[in-house]
Amino acid sequence: MSSTPNLPVPSRRTAVRRGPSRRRPPFVLRAPAADRSNALHAGAWWLWALGLATAASRTTNPLLLGLLVAVAGYVVAARRTDAPWARSYGAFVALGLAVIGIRLLFSVFLGSPVPGSHVLFTLPEVPLPDWARGVRIGGRVTAEQLLFALYDGGKLATLLICVGAANALASPARLLKSLPGALYEAGVAVVVAMTFAPNMVADVRRLRTARRLRGRPTGGVRAVLQIGLPVLEGALERSIAVAASMDARGYGRTADVPRAVARLTTVLTLGGLLGVCAGSYALLAAQGAGYGLPVLCAGAVAALAGLWLGGRRSARSRYRPDRWGVRAWLVAASGAAVAVVMIRAGVGDPEALRPGVVPPTAPTLPLWPAAGALLGLLPAVVAPAPASAPLPVPAPPPKPTPPSPSSSTRAVTGDAPEPKETTP
């Protein structure tokens with residue numbers, strides 16, 4: 001007779017709760033893997049980049065400008081995807097360096113209004129007529145004018161790099177979905193123009209790689225001409241495909257609205273934009289600071305009302321609209337914080353943000369603006385991380401089976417197989 005073992009009976013307190021928990025997981029600061037449901041809003045990336053660009057426009061200190069470029073580059077390296085537009089950041093960096101070089105060349109050959117006493121070299125000056133007085137070609141080149149051109153070109157290059165960071169991180173298609181209905185048609189044109197440069201860069205890289213694999217040169221005028229024609233052909237085919245897809249989706253179709261509503265929309269939009277311009281000018285001028293802010297606010301309200309009424313003419317629907325969540329607020333707030341800190345530092349200590357040129361002084365790194373620029377690294381922590389595809393692991397090759405000795409002997413000698421013995 002077999003006895004069954006006495007198994008312990010789980011009590012109510014130690015019973016395992018089956019089934020998934022319905023409690024909502026709390027918000028954590030650790031960034032999750034990016035997918036379609038939790039992708040960061042494209043407007044947050046643009047607000048972050050515009051905040052960095054605003055901070056760059058308030059200073060000519062090369063140390064602060066280099067710090068802003070490093071912040072933008074680190075965030076792009078940490079959060080960009082494998083999409084075609086994400087590869088355009090290097091092209092914007094190259095464009096910024098080209099801008100600095102062109103600014104220096106203009107300063108050397110066309111002169112500069114900055115006075116200087118440290119003459120580096122003198123170029124032959126071209127005589128100009130009297131009606132071109134104030135413009136010169138050639139002449140002496142001073143260290144002060146080159147330093148001023150370097151600072152000015154560095155500021156413009158930093159602005160371009162910040163815009164390139166937004167272009168590499170934000171999807172143009174998702175940005176188009178977030179625009180108001182009144183700006184949808186203009187937004188399509190802007191997005192198509194913005195995606196032209198990244199796709200062209202991707203085509204150039206693809207064609208150069210193909211030429212390199214075929215053993216053909218990738219540099220020189222002849223190679224550029226041979227690459228340029230396929231790039232233009234690809235751009236033409238892409239534009240035709242975009243036009244066909246827009247026509248198939250009913251682009252340009254508008255809803256019927258009363259004529260009075262259309263006129264009111266025009267009046268509110270134009271009046272609001274004029275109010276925004278007048279209020280901004282009054283805030284920048286010293287005489288109109290009293291009424292500048294009310295006019296600016298009234299113009300902004302009128303413009304928003306006009307855009308809301310203009311959106312009634314747009315007959316379109318949004319599929320899976322992007323959500324503006326906590327992480328989007330954090331990313332946008334980090335860019336705004338960088339701009340606010342830099343503007344506040346420019347009011348308190350303008351000499352630190354704009355190092356002297358006449359006489360030349362060595363730039364210093366101010367503490368608070370540098371700490372404010374580091375706030376722009378927050379998106380590298382809170383933004384969803386792009387999901388990297390795992391590398392395929394090659395399967396091991398099959399092990400060959402060794403042939404039997406009898407079969408190998410028969411294969412060499414060519415003899416017939418021996419018959420097997422059978423027992424009756």
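Colleague: How does Asp152 count at 27% relative accessibility?

Modeller: Asp152 counts as partly exposed. The class lies between two limits: buried is under 20%, and exposed is over 50%. Keep in mind that this is a predicted model.

Colleague: Which side chain meets Asp152 in a salt bridge?

Modeller: That of Arg103. For such a pair, look for a side-chain nitrogen of Lys or Arg within 4 Å of a carboxyl oxygen of Asp or Glu. Here the N to O distance is 3.5 Å, so the pair qualifies.

Colleague: How does Arg103 count in terms of accessibility?

Modeller: Arg103 is partly exposed, at 25%.

Colleague: How many salt bridges does a search of the whole structure find?

Modeller: The search finds 1.

Colleague: Let us stay with helix α4. Where is Gln145 placed?

Modeller: Gln145 lies in that helix, which covers residues 143–169.

Colleague: Is Gln145 buried or exposed?

Modeller: Buried, because its relative accessible area is 2% and the limit for that class is under 20%.

Colleague: What does the side chain of Gln145 reach?

Modeller: It reaches the backbone oxygen of Ser107, at 2.8 Å.

Colleague: Which residues does Gln145 touch, leaving out those up to four places away in sequence?

Modeller: Ser107 is one of them.

Colleague: Now the rings. How many aromatic pairs are there?

Modeller: The count is 2. Take Trp45 and Trp48: their ring centres are 5.9 Å apart, and their planes stand at 80 degrees. To read that, check the centres, then the angle. Centres must lie within 6.5 Å, and planes over 60 degrees apart count as edge-to-face. So Trp45 and Trp48 form an edge-to-face pair.

Colleague: Is Trp45 buried or exposed?

Modeller: Trp45 is buried, at 5% relative accessible area. Trp48 is buried too, at 0%.

Colleague: What are the distance and angle for Trp324 and Trp329?

Modeller: Their ring centres are 5.6 Å apart and their planes are at 80 degrees, so this pair is also edge-to-face.

Colleague: How do Trp324 and Trp329 count in terms of accessibility?

Modeller: Trp324 is partly exposed, with a relative accessible area of 31%. Trp329 is exposed, at 58%.

Key: Residues are numbered from 1 along each chain as its sequence is written. This is a predicted model: local features need pLDDT of at least 70, side-chain atom pairs count only at pLDDT 80 or more; totals for chains, interfaces and linings use all residues. Side-chain values use heavy atoms; hydrogens and water are left out. Rings of Phe, Tyr and Trp (its six-membered ring) pair if their centres lie within 6.5 Å; planes under 30 degrees apart count as stacked, over 60 as edge-to-face and the rest as tilted. Buried means under 20% relative accessible area, exposed over 50%, partly exposed in between (1.4 Å probe, protein chains only). Helices (H or I, at least four residues) and strands (E, at least two) are DSSP runs, numbered from the N terminus. A polar contact is a pair of N or O atoms within 3.5 Å; within protein, one must be able to donate a hydrogen and the other to accept it, and residues adjacent in sequence count only if both atoms are side-chain atoms. Contact means heavy atoms within 4.5 Å.
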